[in-house]
Amino acid sequence: MIHTILDRALSGHLPTHDEALALADFNDTRALADVAQELRDQGFNNVVTYSRKVFIPLTHLCRDVCHYCTFAQVPRKLKAPYMTIDEVLEVARHGQEMGCKEALFTLGEKPELRYKAAREALAEMGYESTTEYLFAAAKAVFEETGLLPHLNPGNLSPEELAELRSVSPSMGIMLESASDRLTEKGMPHYGSPDKVPEVRLQTLRNAGIAKVPFTTGILIGIGETRRERVESLLAIRDVQEEYGHIQEIIVQNFRAKPETKMVNAPEPDLNELLWTIAVTRILFGPSMSVQAPPNLSPGVLPQIVHAGINDWGGVSPVTPDFVNPEAPWPHLEDLRRETAAAGKYLTERLTIYPEYARDLDQWAHEDLHVRILEMIDGEGYPRIDEWCPGDVDIAPPADIMTAIMDAPRAVSEDLETILEKIGNEPLEEADIVRLFKARGDDFTAVVQKADALRRSVNGDTVSFVVNRNINYTNICYFKCQFCAFSKGKLAENLRGRPYDLSEEEIARRVKEAWDRGGTEVCMQGGIHPEYTGETYVNILRTVKEAVPDMHIHAFSPLEVWQGAATLDMELEPYLEMLKEAGLGTLPGTAAEILDDEVRAVICADKINTQQWLDVMRAAHSVGFRTTATIMYGHVEGYQHWARHLMRVRDLQAETGGFTEFVSLPFVHMEAPMYLKGKARKGPTFREAVLMHSVARIVLHGQIDNIQASWVKMGHEGVKACLNAGCNDLGGTLMNESISRAAGTQHGQETSSEEMRRIIRTLNRNPRQRSTSYGSVSREREHAGLAAGELTDIINTPAKKYERKRPASSLVKNDVIDAVNL
């Protein structure tokens with residue numbers, strides 16, 4: 001029977017109550033642990049987490065008298081009943097300096113109900129209750145330091161939870177045990193009214209009602225039986241199944257402490273701890289976080305990992321464990337080493353777990369959203385370095401640069417299975433999401449597989465094109481929330497001057513580009529309310545009259561769609577009109593994320609996913625080659641990245657019209673949705689490198705060229721990408737306006753000479769190419785290498801205009817209904 005239960009657990013069926021209770025009599029810890037670690041790997045891959053925290057013991061007073069506790073003290077033994085706000089902030093600031101992200105508030109339960117000293121101290125400070133004072137202290141820490149408070153004040157009413165939720169993204173209470181027997185005379189919870197199981201379970205329910213991500217768990221070795229442990233875990237699971245708010249289960253082993261009634265009580269042995277961890281994992285399945293404090297079990301941490309945990313809890317580089325002062329925190333390097341000895345990669349998490357951090361509208365108070373978004377990556381884990389796309393002051397993190405070149409030691413089996421599919425069968429969404437989650441040795445395996453594919457397809461040649469960006473207008477009537485480039489009407493209060501380039505200025509820039517070795521002008525702009533499909537035709541004619549041999553790479557699917565609509569034309573005949581006027585190829589911009597869940601948030605009135613694909617399909621059908629792009633790292637998740645890549649792959653399989661895939665990381669600094677507190681700070685460096693690698697893997701056999709953007713990644717960043725699957729550095733640009741408007745500081749031009757230098761530092765072979773990856777003449781190469789300084793550009797001021805038709809008649813997409821991501 002037991003083995004049937006375990007087999008069913010591995011196939012996704014949580015044990016029933018009766019089946020769970022049967023496990024209480026099963027003594028084969030090894031068999032349980034084998035199942036538990038497989039379940040853990042299903043949910044957390046090769047990652048084990050911890051929270052870098054500072055411990056703030058707001059008060060040691062408590063109305064309970066647990067027989068094992070040394071945290072709780074009586075007033076006469078304390079210098080003061082409560083820490084002052086200044087003392088709290090001093091500790092928090094020290095933690096901030098040491099890189100902590102969590103402020104753990106631990107305190108006794110409602111001491112004012114027992115001690116006059118507590119009541120008087122609260123009154124003197126102007127508070128009626130410990131909970132009210134906790135709110136003030138947590139608020140001060142959050143506002144002054146940006147640390148995220150995690151509150152452990154004990155039992156709370158719905159009203160208290162609702163108030164504290166606005167200053168704390170997570171809270172917790174240890175159930176410890178659901179056994180009423182432990183509250184009887186002579187047992188550890190006798191005389192502690194707050195340890196009555198039903199009281200604590202009600203707090204768990206209250207937290208679920210209040211939508212508070214919650215921590216709970218059990219304390220083992222205090223006189224309970226194995227069956228009672230299982231019953232306690234089932235009681236927690238019942239609450240979780242109703243509310244879904246419990247983010248972790250802690251399995252904490254009792255440690256006997258001097259000066260307590262349980263000083264001579266036997267501590268649970270290692271087998272008891274491992275048995276309980278394994279059963280916890282089996283009862284809760286692969287997605288629940290299971291934690292064991294590392295300081296309570298020194299020397300056996302790899303065995304604890306093998307029993308099924310995925311988290312070590314909070315570890316402080318600043319403060320001791322005030323609850324277990326006899327057990328110092330392990331040094332983080334030691335913890336990393338012991339985690340690696342178990343074949344796992346140690347990484348940070350926030351006090352609010354990734355699942356909840358990715359759904360802030362449901363799980364966090366709106367006052368906390370901006371700060372949490374600033375702290376997380378696309379999976380919901382914390383950013384652990386300061387690198388952002390476009391920032392020249394922060395170098396790419398050394399650990400990622402090293403990991404790209406390292407030899408992987410312990411790659412997850414499921415990841416190896418996915419990598420073995422490449423070239424044999426197309427990867428599915430879940431496979432691609434798994435690649436994006438790669439960390440540690442898994443990350444190294446993914447990027448090195450991508451680079452091996454690059455070598456097999458492109459060899460050691462790295463290409464680039466000498467081109468000039470010409471953004472003909474920055475006036476746009478669309479409301480893309482990521483765009484800091486476009487402007488509205490001249491009469492409106494703008495961040496910069498609106499312009500609409502004259503034909504003379506366009507022609508001048510084209511001629512200058514040719515004189516400096518350019519073979520391409522890349523032309524895009526805002527969607528001016530007065531532009532029609534004829535406007536784009538006239539722009540093409542202007543370029544061709546200036547320099548007949550200049551290749552024109554112009555007009556995203558948005559311009560094509562809008563231009564055709566203004567002339568009441570179908571896509572194909574309008575594209576033929578553009579070709580006749582001189583258009584050579586089309587850029588695959590305006591793709592952003594090809595998923596309408598995301599587009600509803602970032603560009604609701606723009607073309608939708610299907611319309612973008614339709615324009616590209618039509619362009620390919622009339623003979624155009626185009627690029628494809630992704631703009632990522634803002635509000636979306638890894639599943640949206642996967643869908644985007646799959647949609648590009650599927651269209652390429654149909655048409656074969658894409659020449660390259662270009663990854664464009666979101667530059668956040670001036671983007672409206674970031675300034676409104678609605679977006680992340682772009683991808684992390686790990687994510688940015690992985691986007692290039694995963695694109696290479698997913699598109700292998702379909703699109704041969706993967707391009708990195710030096711404007712967004714910087715020169716050192718693109719070097720990393722060239723070792724992770726990329727073979728192309730795009731254009732020299734000469735003038736770059738759109739990313740600079742968003743905040744990038746990586747300049748307007750990388751010259752032909754500098755491109756070659758970057759490529760040669762990696763022992764690769766530079767190749768100047770045409771837009772369509774053909775060769776260019778020696779004359780063009782020499783002209784590029786001899787290019788002088790650019791003449792200052794003239795952005796022709798836009799004329800004040802009155803719309804000839806009402807705004808409602810402008811060509812727009814039907815606004816996509818916004819959804820929660």
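I searched the whole structure for aromatic pairs and got 15. A pair here means rings of Phe, Tyr or Trp (its six-membered ring) with centres within 6.5 Å; planes under 30 degrees apart are stacked, over 60 edge-to-face, the rest tilted. The model is predicted: local features need pLDDT of at least 70, side-chain atom pairs count only at pLDDT 80 or more, and totals for chains, interfaces and linings use all residues. Side-chain values use heavy atoms, without hydrogens and water, and residues are numbered from 1 along each chain as its sequence is written.

I looked up Tyr472 and Tyr531. Their ring centres are 6.1 Å apart and the planes stand at 35°, so I logged the pair as tilted. Tyr472 is in the loop between β11 (467-471) and α20 (503-515); Tyr531 is in the loop between β12 (520-524) and α21 (533-546). They are 59 residues apart, so the pair links distant parts of the chain. Helices (H or I, at least four residues) and strands (E, at least two) are DSSP runs numbered from the N terminus.

I checked burial next. Tyr472 has 1% relative accessibility and counts as buried. Tyr531 is buried at 6%. Buried is under 20% relative accessible area, exposed over 50%, partly exposed in between (1.4 Å probe, protein chains only).

Then I took Trp612 and Phe658. They are stacked, 6.3 Å centre to centre with 15° between planes. Trp612 sits in helix α25 (residues 609-621) and Phe658 in strand β15 (residues 658-665), 46 residues apart. Both are buried.

I also noted a cluster: ring pairs link Phe436, Tyr632, Tyr638 and Trp641.
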